[in-house]
Each structure stands twice: as structure tokens, then as C-alpha cells.
Amino acid sequence: MKRRQFVKAGVAGATLLLAGSVVQAGGQKEADAKAGKINTLMNKENPTVLEKKHVPLVEAPKSVKKGEWFQVKVKVGFMIEHPSKPDHWIDRVELQVNGKKVSEIVNVAGGTTSPNACFTIRLQKPGDVKLEAVADCNIHGTWLGEPVYVKVI
Ligand SMILES: [Fe+2]
């Protein structure tokens with residue numbers, strides 16, 4: 001192979017690789033959504049960088065009075081704050097109570113919107129209530145956080 005052919009082949013290969021990675025990254029969310037895939041924290045002792053940046057963390061009081069409003073904060077991700085850039089951001093954060101969606105915020109523009117969210121809710125029935133959050137990254141798909149329990153008194 002002559003030098004010129006070698007250089008051309010190298011450039012073509014690099015271009016193909018770059019295009020492949022962009023398509024893969026952009027297509028991951030679509031593929032996950034079609035498959036209904038929800039990512040979770042696989043190993044609490046040794047989370048991956050993707051998990052650190054995408055698994056949401058719910059912060060709520062340990063106990064609340066029934067019928068009184070209180071705040072639930074959701075941080076994305078649970079160890080490293082997710083970026084907010086025009087081409088890569090958290091486009092939705094959902095709050096679930098006992099496995100049922102009760103609220104969500106939608107961020108339509110990266111770079112301006114925070115990856116974190118704050119909800120104000122109230123609970124009417126006494127007992128232990130499970131709170132969970134789901135976060136969507138426009139590139140890296142859907143992530144479910146660890147459950148947090150609130151005692152309603
Ligand atoms: Fe992401």
C-alpha cells in the first residue's frame with residue numbers, strides 16, 4: 001500500500017468510527033425506549049461513571065404528617081451531577097409514589113435547565129410510602145433510582 005492510499009484508508013476508517021459512535025450514542029435512547037429498557041444501579045459498591053451521572057437520588061424527610069405538603073428533591077446523578085449542555089441534558093425527571101407516577105418535570109432545552117428537580121407533594125394515608133425517581137437523559141436513556149421510604153404519621 002502506498003503512503004497516499006494508507007492515509008486515505010486511515011481517514012475513511014476514522015470517519016466511519018466517529019460516525020458509528022455518534023449513531024450508537026444517539027440511537028441508544030431510541031433503542032432503549034422501544035425495548036422499554038430502564039437502567040438501574042447494578043453494583044452499589046462499584047458504580048460505573050454512567051451510573052454515577054444518571055441514577056437519580058431521592059431526598060425526602062424520614063417522616064411527614066398526613067395531608068401536609070413537603071418537598072422531595074431529586075438529584076441526577078446520585079454521585080456526579082449530570083451535565084447540562086445544549087446537546088446533552090436530563091430532559092425529564094419523574095416522581096413515583098408506591099410505583100405510580102404522580103409528577104414529572106420536562107426540560108426542553110439543555111444548557112439552561114438543571115439536571116435536578118424539586119417536587120411538592122402530600123400523602124394522605126398513614127404508613128410507609130415508597131418514593132422513586134426516574135430520569136431521562138437525551139443520549140443515555142432512562143434511569144430508575146433506589147427507593148426511599150417515608151413514614152406518614
Ligand atoms: Fe447523559
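Select strands β7 and β8 (residues 141–144): they pair in the antiparallel sense over four bridges. Two strands count as paired if DSSP finds at least two bridges between them. The strands themselves (E, at least two residues) and the helices (H or I, at least four) are DSSP runs, numbered from the N terminus. This is a predicted model, in which local features need pLDDT of at least 70 and side-chain atom pairs count only at pLDDT 80 or more, whereas totals for chains, interfaces and linings use all residues. Residues are numbered from 1 along each chain as its sequence is written.

Remain with this pair and display A135, which stands opposite W143 in β8. Then follow the chain from β7 to β8; a hairpin joins the two strands through three residues.

Now select strand β4 (residues 90–97). Seven bridges join β4 to β7 (residues 127–137), and the two run antiparallel. Two positions illustrate the pairing: E94 stands opposite V134 in β7, and Q96 stands opposite E132 in β7.

From β4, proceed to strand β5 (residues 100–106), which pairs with β4 in the antiparallel sense over six bridges. The bridge partner of L95 in β5 is S103. The hairpin of β4 and β5 has two residues between the strands, and in this hairpin N98 takes a positive phi near 50°.

The interior is the next stop. A nonpolar core is a set of buried Ala, Val, Leu, Ile, Met, Phe, Trp, Tyr and Cys residues joined through C-beta atoms within 7 Å. The largest such core has 19 residues, and those with the most contacts inside it are V72, V74, I90, V93, L95, A133 and A135. Strands β3 (70–76), β4, β6 (117–121) and β7 each supply at least two residues of this core. Its largest share, five residues, comes from β7.

Select V72 and display its surroundings. Leaving aside neighbours within four places in sequence, V72 is in contact (C-beta atoms, placed from the backbone, within 7 Å) with V58, A60, L95, F119, I121 and L131.

Finally, turn to helix α2 (residues 49–54) and select E51. Is E51 buried or exposed? E51 counts as buried because it has 20 C-beta neighbours inside 10 Å; the cut-offs are 20 or more for buried, 12 or fewer for exposed, and partly exposed in between. Leaving aside neighbours within four places in sequence, E51 is in contact with L41 and M42. Display F78 as well: E51 and F78 are 27 residues apart in sequence and 8.1 Å apart in space, C-alpha to C-alpha.

Methods. Contact = placed C-beta atoms within 7 Å.
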